[in-house]
Amino acid sequence: APAVKMAALSGSGAPWRRGWLPALQLIRRGSKAVTRHWKAMHFQRQKLMAVTEYLAPWPAIPPSCLAPRKEAAEEDNGYVRLLRRQVEEVFRDNRMIAVCQYNSMPDEDVVLMRYYLRKHNIEVKFVLNEIVRPVLSQSKYKNLLPLFVARNILLVSPETKAKEMLRVLKGVPQVNLLGACIDDTILSRQGVENFAKLPSLEASQGQMVGALALLPSQTSSLLQRGSMHLTALLDQHIRQLQAGETGSPAEPTPAQSSGAH
Amino acid sequence: RPRSESSLCSPGPGGVAVPRAGLKKYVLPPDYSGITFPEKTKLKFMDKVPAVPKVRREPRQLRDIRGPSREATDFIQGQYGILALGGGYLHWGHFEMIRLTIGRSMDPKSMFAIWRVPAPYKPVTRKSLGHRMGGGKGPIDHYVTAVKSGRLVVEVGGHCEFGEVKPFLTQVARKLPFPAIPISRDGLQQMRQEEEEKRLNNQNPWTFERIVTANMLGMRKYVSPYDLHLKGRYWGKFFLKHRV
């Protein structure tokens, strides 16, 4: 091979006459394969690189036409489960649950309000909407869902003391009553006020019993009315006869009238 | 991270929805259980000249720069590292720069770093300045290490996150003579997966590999025999990342 190269170099005539190997001759020309600079590619090679470029796949339906995929939030957070359980217990154990809008108050006012409500056995609970909403949507309290929007608190109590609660809340302008669920009955703000105006349960029960017992109490007097009337008439008649007859014995006529009963 | 609830309480006419914070989701701290620290956490000092300096001057052999790397392509001990995306030679100045920058930026108690390249072993000759061509090969000037694309240069690990390590690794990577990026184990795996996916879902029926192996249109005249296994992704010392 070196002999052939020397022959090709020294020959001034046509190189193909003396065994000219193009592979070896082409190596002498230009730079080596690996260079520090970007070596210029042969045009054919450039065309080859252009033809064999990567073409990305495109979906049949453009993604902007499809609805966006909503990834469901994972609920394996134990803290979330605990809070949900607490909310369920609250709804189960308490008779009165009032939902109020809560605007930011000074902390001492919050403490005072909680104290006054505690005196009437009403507890104040701060809840997060993102926990309460799923719990409510799956229970029977679906209609309370529109209330749980924006910042709110729950006033819960095992007894139904709406009057005292309203009195306390009247003194606190930052907490506004939105609605309540008393004894599984959903009431609006107006409904709660009407409920508060009602007499207490014992008094209304007594009234109801009195109203129901009114008619039966009159039954015995109704039944005895006829005979009592007759007795009264006969007594009057006797008195008239006694007043008319002064010396005659009045025994047989009272005996006859008493035997007639 | 607080979540705003403006989607629930959409404002009515003339109102503004104030975003509120929702429940805070606590993130568990990372688990560093399976990490073993080497004896010396800092990078070892690399010699300029090997212990037994070479007597015989070696030919240039630029093929140790060309093509993909066959060694040190995967992580050994550390979790993060610098990946070379091109071929090149690292000399003692680069080694010192890497050693000092990483040594300065990392905490030796909670992090460690290891070399994935050997000390300079390849002699490079230089002729003295201002002489004409000829007169034989020049004397050995310095030693270098050859690095091919796809090789890890350093590995960093320990009780640290990628975000902590990335700034100084990018700083080092920018100063290297070849393109390099900081990368983690997951990042490397993802990169390989993406390359594989690209290769599989390429819509172009004509690939470099197919045309050259079948010698379509006589392309082998204009293409090196090395391109049969380099497959158009490598050109000289450069690695063409965008090609399939």
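A: Contact here means heavy atoms within 4.5 Å. Keep in mind that this is a predicted model.

Q: Okay. Which strands does helix H1 of chain B lie across?
A: H1(B), residues 92-105, lies across E2 and E5 of chain B. H1(B) runs at about 70° to E2(B).

Q: What order do the strands of that open sheet take?
A: The order is E2-E5-E4 in chain B, three strands with antiparallel pairing. E2 (88-91) and E4 (122-125) are the edge strands, each pairing on one side only. On average, neighbouring strands are turned by 50° against each other, direction ignored.

Q: How many bridges join E2(B) to E5(B)?
A: Four, and the two strands run antiparallel. Gly88(B) stands opposite Val147(B) of E5(B).

Q: Switching to chain A. At what angle do H4 and H6 pack?
A: About 55°, with the axes 9 Å apart. H4(A) and H6(A) are therefore oblique to each other. Their crossing is right-handed.

Q: Which residues make the contact?
A: H4(A) brings Leu83(A), Arg84(A), Val87(A), Glu88(A) and Phe91(A). From H6(A), the residues include Ile131(A), Val132(A) and Pro134(A).

Q: And by class?
A: Eight nonpolar, three charged, no polar.

Q: Last one: Arg45(A), buried or exposed?
A: Buried, because its relative accessible area is 1%, and buried means under 20%. Arg45(A) sits in helix H3 of chain A, residues 43-51.

Q: What does Arg45(A) touch?
A: Several chain B residues, among them Phe208(B), Tyr222(B), Asp227(B), Tyr234(B) and Trp235(B).

Notes:
Residues are numbered from 1 along each chain as its sequence is written. Chains are lettered from A and ligands numbered from 1 in the order in which they are written. This is a predicted model: local features need pLDDT of at least 70, side-chain atom pairs count only at pLDDT 80 or more; totals for chains, interfaces and linings use all residues. Side-chain values use heavy atoms; hydrogens and water are left out. Axes are lines fitted to C-alpha atoms, for helices over the stretch in contact, and angles run from 0 to 180 degrees between N-to-C directions. Angles under 35 degrees count as roughly parallel, over 145 as roughly antiparallel, 65 to 115 as roughly perpendicular and the rest as oblique. A crossing is left-handed if the near helix is turned anticlockwise from the far one by less than a right angle, and right-handed if clockwise. Ala, Val, Leu, Ile, Met, Phe, Trp, Tyr, Cys and Pro count as nonpolar, Asp, Glu, Lys and Arg as charged, and the others, Gly among them, as polar. Buried means under 20% relative accessible area, exposed over 50%, partly exposed in between (1.4 Å probe, protein chains only). Two strands pair if DSSP finds at least two bridges between them. Lists of a residue's contacts leave out its neighbours within four places in sequence.
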